[in-house]
Amino acid sequence: MKKDRDLLTGKTEKKRREPISNTTLLMTITVCTFFGMYLLSMMIWKGGFLNPQQFLDLFNNNAYLLIIACGLTMVMISGGIDISGGGITALVTMVCVVYLEDHGGTVLGSILISLGIGLAFGLMHGILVSCFEIQPFIVTLAGMFLARGMITIVSIAPRTATQESFLRLKQARITLPGIGYYGKTGNFIPAQIEPGVIIAISIVVIVAVILKWTRFGRNLYAIGGNSHSALTLGINVKRTKFFAYLAAGLLSGISGYVYLLHTGAGDAANAAQAEMQAIASNIIGGTLLTGGVGNVIGTLFGMLSLKTITNIVIASGLTKPYYQSITTGLMLCFFILLQSLILAVREKGRVRLLPEWMRPGKTGKTGKTESH
Amino acid sequence: MRESIKKIMSSQLVIPLFSLFLLVVFNLVRDPGFFSISIATNNQGYRVLSGNLISIFNGASAIAIISIGMTPITSCCRGQDISVAAVAAIAGSVFVSVLRSNEITVPVIIFAFVCSCLVSVLFSLFNGVLVAVFRIQPMIATLILFSAGRSIAYWINGGATPTVSSPLLASIGGFIPGIPIPTPIIIMVLFLVLISIVLRLTTLGLYTQVVGINEGTAHLNGIDPVRVKLVSFVISGICVATAGCITVCRIGLINHETLLLDAEMDVILAVAIGGTSLGGGKFSLFGSVIGAYIIQALTVTLYAMKVPSAAVKAYKAAVIILIVMLSSPVVKEFFINLYRKSFKKQAEKKKITISAS
Amino acid sequence: MQNDIVLSMRNINKSFPGVRALQNVDFTLRKGEIHALMGENGAGKSTLIKVLTGVYPKDSGQIFLDLKGGLKEINVKSPHEAQTLGISTVYQEITLCPNLTVAENMFIGRGEYRLVNWRTMKKRATGLLEKFNIPARATQQLDTCSIAVQQLVAIARAVDMDCKVLILDEPTSSLDEQEVEKLFALMRDLKSRGVGIIFVTHFLDQMYEISDMVTVLRNGELVGEYEVRNLPRVELISKMMGKDLDDVSTIQKRDLPDGKQDAPPVCEAVGLSSTKCPNAFDFRISKGEVNGFTGLLGSGRSESVRAIFAADKITGGKMKINGKEVKIRKPRDAMMHGIGYLPEDRKRDGIVEDLSVRENIILALQVMKGFFKPFSRAEAEAFADKYIKLLGIKTASMDTPIKSLSGGNQQKVILARWLLTNPQYLILDEPTRGIDVGTKIEIQKLIQKLAEEGVSITFISSEIEEMLRTCSRLIVMRDRKMAGELKGEEMTQDNIIRMIAGEAEQDA
């Protein structure tokens with residue numbers, strides 16, 4: 001990974017025209033890591049990794065997680081946090097199933113319900129954080145508790161969706177021509193993508209556009225960078241934060257529906273640990289908890305990296321369940337340390353880096369420095 | 001009179017005490033006999049205190065002890081340690097391992113406890129080093145053990161959920177023969193006393209707060225922030241081990257999945273309700289303990305109202321939101337303004353009466 | 001200078017619990033006028049500005065702004081609204097976002113766009129940077145720019161928003177002379193375009209150089225509005241302080257030891273270097289001596305003294321205290337050898353804001369006493385009481401959080417903290433910065449008194465007359481190296497400037 005080496009030494013940046021931002025740097029590392037890991041796996045463990053379906057399953061199985069993580073990215077960039085994602089997702093699955101089964105609901109109705117629930121939670125979080133100025137961790141923690149608790153109030157036992165129109169939607173697949181694998185009987189089985197993945201990818205694109213090109217997205221970065229400055233610059237910090245949480249809630253609602261499309265059942269244990277995995281995806285993807293830095297593409301690859309590790313663990317024969325979370329922990333550890341190291345080196349490099357106009361032309365001596 | 005009201009209002013313990021008061025009143029209204037303490041005979045045939053109140057204090061012990069350890073971390077590291085429950089599971093596993101390989105006698109129990117403390121402190125120091133030396137945000141650094149901790153606990157016990165039983169352990173988790181108060185409560189009180197003594201006899205309280213409020217200033221005044229942070233993690237490690245062992249004694253087995261499940265959330269809530277700012281700085285150990293009791297009281301109240309256990313979370317959440325809303329700075333300011341306006345009116349009335357007379 | 005009034009504030013009143021910050025204050029600003037706002041700390045300057053910009057709601061009074069059709073009354077409810085009306089503020093602390101680019105910082109939050117057009121933004125930004133001669137690139141991330149540049153960017157932003165009123169709140173605190181000149185050039189340019197500028201500052205020289213009018217506030221009340229060219233300094237200061245300023249002249253130069261003594265120096269450093277002060281330097285100070293470090297901003301004054309206190313990581317050198325070699329590797333070592341350090345940025349490095357005045361005072365001594373020996377409440381209260389009285393610290397009680405005190409009083413608390421440790425050598429880095437004239441003089445007198453009692457003091461200040469008045473020896477820094485030393489009669493403003501300029505002049 002050549003990029004790593006260049007950047008770790010820090011000093012070589014001086015020769016560049018414009019040092020790349022922290023956001024881009026961290027994201028690049030994640031992307032490289034993912035591809036590196038995957039390519040290595042394809043070479044070392046072959047087997048499943050050479051099967052394109054397994055690659056696509058990374059998306060199929062985790063589309064919901066990706067959606068939650070995107071919402072989380074927006075919130076984290078603004079300097080906040082939202083740990084209610086998994087709970088809302090699970091609640092949505094249960095409510096939708098009950099609606100479809102017991103109340104003869106339509107597919108459209110269930111979609112609206114999922115959006116509604118997501119918005120409702122997002123609204124609550126947004127108001128509590130922006131108007132009441134309560135710490136987001138507590139607010140979203142309570143939100144998570146509320147959501148998880150409400151699941152069993154709706155239905156104690158897990159329920160499966162059997163309604164026809166819904167099942168048709170659930171079983172829809174997009175087949176990729178030409179790409180596939182040979183099944184046990186020697187038939188060529190083309191690779192398939194579930195509908196949820198399309199939704200997830202669309203959301204990634206939408207959020208990326210929002211973050212890069214809309215006023216709202218840029219305001220998120222500003223608030224995360226220095227919320228006091230953002231206020232004096234004329235940004236309506238309260239309103240922006242409110243919408244960030246509203247969006248995260250909405251996305252959690254969508255994620256719930258996607259989860260339902262994938263598993264077809266409502267269960268109190270759905271999406272367990274999802275919020276922590278979403279946070280992990282963000283961290284690996286280069287979103288800083290302190291705010292101001294982050295990118296959905298990074299989050300996407302962070303999620304992929306996270307899930308690939310699980311596959312690698314299984315492929316290498318460590319089948320005991322505890323190995324998976326231990327390796328997840330190790331991976332997190334690695335990335336966290338790597339990030340803090342790189343950022344520290346960049347900080348140091350910056351303090352010594354004299355803005356060009358301060359370097360004298362004639363004598364070549366070093367001029368004034370910033371610190372005093 | 002006004003001065004003392006002012007003092008009480010601005011004390012950190014207002015919200016927690018007030019919330020506790022509300023809970024008590026609510027329960028008394030709902031069921032006057034709720035808080036009655038009666039003397040019953042337990043399984044071993046001893047006479048013990050029982051009742052909802054006892055149940056609250058007993059059940060909250062583990063959470064309260066962990067909260068005592070979490071509070072200084074929150075104060076000086078300006079973040080939360082979300083791995084406490086996972087590390088408690090690890091500590092519990094070590095405790096069980098040692099017990100199972102020996103005959104269970106008092107010295108063995110003590111030895112097992114010491115071992116579990118050591119292991120727990122080790123893992124806490126892992127977190128501590130990441131936070132203090134590598135300057136990683138606590139919530140992120142502890143995410144690692146949060147993910148992997150329970151699996152490590154599982155691995156220590158070879159992937160099983162072994163049981164341990166012995167009258168000695170039962171007495172730690174339950175009642176010591178002859179003493180009517182449940183042992184966990186006694187242990188908790190002992191802990192509180194111990195920590196208070198430590199705070200009184202050392203400058204730890206001051207140092208922790210200074211580091212939490214302004215690390216640079218702490219450094220320039222001769223305090224070593226790294227050391228202070230590491231110490232807070234060591235203390236937490238000991239607290240966590242104690243809580244883990246008590247819980248093991250109480251239920252007689254170690255299940256890495258369910259031991260103190262979601263406890264970290266309860267602990268963070270307890271600390272927050274107790275008046276310590278989650279962003280670091282001034283802290284209140286006493287407040288955190290009260291916070292833990294509030295949460296447990298809430299749970300017991302809900303059970304008493306026949307709320308199914310899985311739904312308890314939802315009600316807890318609603319109450320927490322209410323409490324946190326009331327203690328938010330916005331609401332506080334609203335009430336202060338109200339108070340001031342009413343005082344202004346009174347003062348003006350007085351003026352008018354004086355000038356009129 | 002046109003005489004049309006662009007802003008008029010009448011009978012402004014504002015109170016906070018227990019404090020009447022503004023009482024019937026008037027303020028008038030005309031087009032193309034640079035109007036200074038002066039007063040001691042607590043006089044109400046920043047409150048007036050905050051009322052004008054909508055940060056605080058006023059209790060009573062009226063504000064008139066020149067809108068289309070003449071002066072109309074306005075009711076500013078938020079900084080955002082103030083901006084829209086044409087009142088822009090540039091604060092002392094950089095209120096821009098470090099993680100965004102220069103261009104983005106210039107245009108964000110102005111409500112101009114819903115979708116970002118990066119190319120247009122870059123073009124406009126580059127245009128502005130060129131127009132105002134700011135040495136930065138539009139796509140540069142803001143935190144890679146120096147503080148001075150960041151401030152210029154903030155001003156460029158304000159100006160670009162077609163402001164009628166530009167408020168500059170202590171803009172020159174972090175700028176060196178060249179940068180100040182650049183700023184003044186910009187201000188004159190704006191003046192010629194008819195922008196009214198409110199210039200809040202503590203620096204008398206600068207005020208006299210650039211301002212047309214000055215309004216003086218004292219204790220929340222308006223003292224008066226004057227034409228700068230008709231107001232001599234002494235009169236200005238006395239109006240700000242409310243008394244005649246004989247005190248300034250009573251600070252006489254005493255016969256201070258100038259380094260030639262028999263006894264070994266109290267503190268001596270040989271080849272000392274740290275991570276922030278990489279050029280090794282030698283240093284010595286004798287008992288009862290007051291010496292000073294001076295030089296341009298960025299010359300390394302603060303870094304050098306921090307190295308003596310081991311505030312930054314020491315990379316080399318030896319230290320001797322009273323002739324004996326000692327190991328000083330961290331602040332605690334320095335403290336245990338009787339050295340105290342009052343940091344330059346009291347808000348960032350000095351006060352522990354949520355703790356009480358009492359706790360702030362005893363902090364250093366407590367650390368010196370040890371981890372296992374906490375002070376009893378009674379002991380702590382006795383200490384705090386003594387110094388509150390001694391230094392005249394204005395606080396509601398010793399238990400008030402220090403953050404509610406004014407800047408000057410906060411500084412006194414930090415000073416008390418170090419005096420309590422009974423140091424033999426005290427390093428004061430800009431102890432009088434951002435402090436009202438009255439307290440400034442108190443502190444200078446205190447320094448002299450301490451020196452007479454045998455305490456060695458190093459004094460850093462950006463105001464050269466202060467240093468000339470109190471120091472017996474001056475060390476001039478340039479480019480993080482010692483450029484030279486001046487003592488006794490050599491210490492004149494000219495010599496200092498010449499020494500600072502030094503080689504650079506030869507090269508030019």
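Select chain B and consider its contacts between residues at least 6 apart in sequence: 75% of them join residues at least 24 apart, a contact meaning that the C-beta atoms of two residues, placed from the backbone, lie within 7 Å. This is a predicted model, in which local features need pLDDT of at least 70 and side-chain atom pairs count only at pLDDT 80 or more, while totals for chains, interfaces and linings use all residues. Residues are numbered from 1 along each chain as its sequence is written, and chains are lettered from A and ligands numbered from 1 in the order in which they are written.

Staying with chain B, colour by burial: buried residues make up 51% of its 357 residues (buried means that 20 or more other C-beta atoms lie within 10 Å of a residue's own). The C-alpha trace of chain B spans about 90 × 55 × 40 Å along its principal axes.

Next, show both chains and select their contact, to which chain A gives 35 residues and chain B 39 residues. On the side of chain A that touches chain B, α6(A) gives the most, with eleven residues, and that side divides into 24 nonpolar, eight polar and three charged residues (Ala, Val, Leu, Ile, Met, Phe, Trp, Tyr, Cys and Pro count as nonpolar, Asp, Glu, Lys and Arg as charged, and the others, Gly among them, as polar).

Finally, select residues 52-77 and 237-263 of chain A, which are helices α3 and α11 (helices being DSSP runs of H or I, at least four residues, numbered from the N terminus). They pack at an angle of about 175°, with their axes 8 Å apart.

Conventions: Axes are lines fitted to C-alpha atoms, for helices over the stretch in contact, and angles run from 0 to 180 degrees between N-to-C directions. Helices (H or I, at least four residues) and strands (E, at least two) are DSSP runs, numbered from the N terminus. A residue is buried if 20 or more other C-beta atoms lie within 10 Å of its own, exposed if 12 or fewer, and partly exposed in between; C-beta atoms are placed from the backbone.
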